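Subject: Handover of a structure and notes on its contents

Dear colleague,

Please find the structure below, followed by an account of what was found in it. I would ask you to keep the model open while reading.

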Amino acid sequence: MKHTDNSQYILKSVDKALGIIDLFASQKELGSNEIDRLTGLGKSTTFRMLATLENRGYVLRTADGKYRLGMKFYAMKDLMATRNELVDIMRPMLTQLASETGETCHLSVMSGDSDVYFLDKVLGTGMIHSGSSVGYTRPIYATSAGLAMLAYKNRAFVRRYAENLAFEQFTPKSMRTVAELYEKLEETRSRGYAEDDEEFEVGLVCYGVAILSPDGHPVAAFCTSGPSTRMHMNRDKYVAALRHAGSDASALLAVNAASSELI
């Protein structure tokens, strides 16, 4: 196989930061002077790189001032295993949902405390599809999947999320205030599904339902999306299909709870 040379596209700052991370493959702990010596970055650059990595949770500074890999890596390892298993379990229901609605359907999970991560995607039969892709992240408040999951989070999580939220105006219909957020969450809980009515992209409407663990914790969400006219016209049909899929998925999680680490 011919090797593709991508060196012209490499961002030097990112490459340097990853070079620091690579050092910990063979060393449990390293001081900043050691890192500077091994990388040749210079003290000032090394300090800024370490401060950035520490801020993002990728390295941890110990009591004696040395650095080691942060808990972010352990969380990511467990998360990747969980996500792969979750995709395998939920894919049949996601495929059925796309078949019933004819629209693009996603399986999503929360990524950290502020984003939604698109874990899996099945295209519908409609001529116009959502442009989102597996691996995309979007703000929780701007997606039906995010709102569907957030509605079932505990009050402390929701309050903390709201207090740290900086609203971005993606479209004229985008949410603007914490009061609107709380209203949306209450509406989602009362009717059993969330709606993104052109709030992230003009012309695109999405409906979402949470997939819940036996104790009511939101593990993931199904959502279906398409052109606003088609989605509004078929709202009842699509929501019924989503609710059915969400209920089946939640029941399946309960069956797997004893033997799986998904929840």
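Which residue in S8 does Leu212 stand opposite? Leu212 stands opposite Pro218 in S8.

Before going further, please note that this is a predicted model, in which local features need pLDDT of at least 70 and side-chain atom pairs count only at pLDDT 80 or more, while totals for chains, interfaces and linings use all residues. Residues are numbered from 1 along each chain as its sequence is written, and side-chain values use heavy atoms, with hydrogens and water left out.

Overview

The protein chain has nine helices and eight strands. Helices (H or I, at least four residues) and strands (E, at least two) are DSSP runs, numbered from the N terminus. Of the 263 residues in the protein chain, 44% are buried; buried means under 20% relative accessible area, exposed over 50%, and partly exposed in between, with a 1.4 Å probe and protein chains only. Among contacts (heavy atoms within 4.5 Å) between residues at least 6 apart in sequence, 56% join residues at least 24 apart.

The sheet

Six strands form an open sheet in the order S5-S4-S3-S8-S7-S6, with antiparallel pairing. Two strands pair if DSSP finds at least two bridges between them. Strand S5 (137-139) and S6 are the edge strands, each pairing on one side only. From one strand to the next, the twist averages 30°; axes are lines fitted to C-alpha atoms, for helices over the stretch in contact, and angles run from 0 to 180 degrees between N-to-C directions.

Tyr117 stands opposite Thr137 in S5. Phe118 lies in strand S4 and is buried, with a relative accessible area of 4%. Phe118 and Tyr136 are 18 residues apart in sequence, and their C-alpha atoms are 5.5 Å apart in space.

Strand S7 deserves a section of its own. Nine of the nine residues of S7 are buried, so this strand is largely enclosed by the rest of the structure. In a regular strand the side chains alternate between the two faces of the sheet. Both faces of S7 are covered: Leu204, Cys206, Gly208, Ala210 and Leu212 are buried on one side, and Val205, Tyr207, Val209 and Ile211 on the other.

S7 pairs with S8 in the antiparallel sense over nine bridges. The hairpin of S7 and S8 has five residues between the strands, and Gly216 takes a positive phi near 85° there.

S7 also pairs with strand S6 (residues 194-197), in the antiparallel sense over four bridges. The bridge partner of Asp196 in S7 is Cys206. Six residues lie between the strands in the hairpin of S6 and S7. At 15% relative accessibility, Glu198 counts as buried. Glu201 is found in the loop between S6 and S7 as well, but Glu201 is partly exposed, with a relative accessible area of 38%. Glu201 and Thr171 are 30 residues apart in sequence and 6.3 Å apart in space, C-alpha to C-alpha.

The nonpolar cores

A nonpolar core is a set of buried Ala, Val, Leu, Ile, Met, Phe, Trp, Tyr and Cys residues joined through side-chain atoms within 4.5 Å. The largest has 29 residues, of which Leu86, Met90, Leu107, Tyr207, Ile211 and Phe222 touch the most other members. Two or more residues come from each of helix H4 (71-101), strand S3 (104-111), strand S4 (115-122), strand S7 (204-212), strand S8 (218-227) and helix H9 (235-256). H4 gives the largest share, eight residues. Another core, of 25 residues, lies apart from this one and includes Ala142, Val158, Leu165 and Ala221.

A pair of helices

Helix H1 (residues 12-23) and helix H3 (residues 43-55) pack at an angle of about 75°, with their axes 10 Å apart. That makes H1 roughly perpendicular to H3; angles under 35 degrees count as roughly parallel, over 145 as roughly antiparallel, 65 to 115 as roughly perpendicular and the rest as oblique. Ser13, Lys16, Ala17, Ile20 and Ile21 of H1 make the contact with Met49, Leu50 and Leu53 of H3.

Yours sincerely
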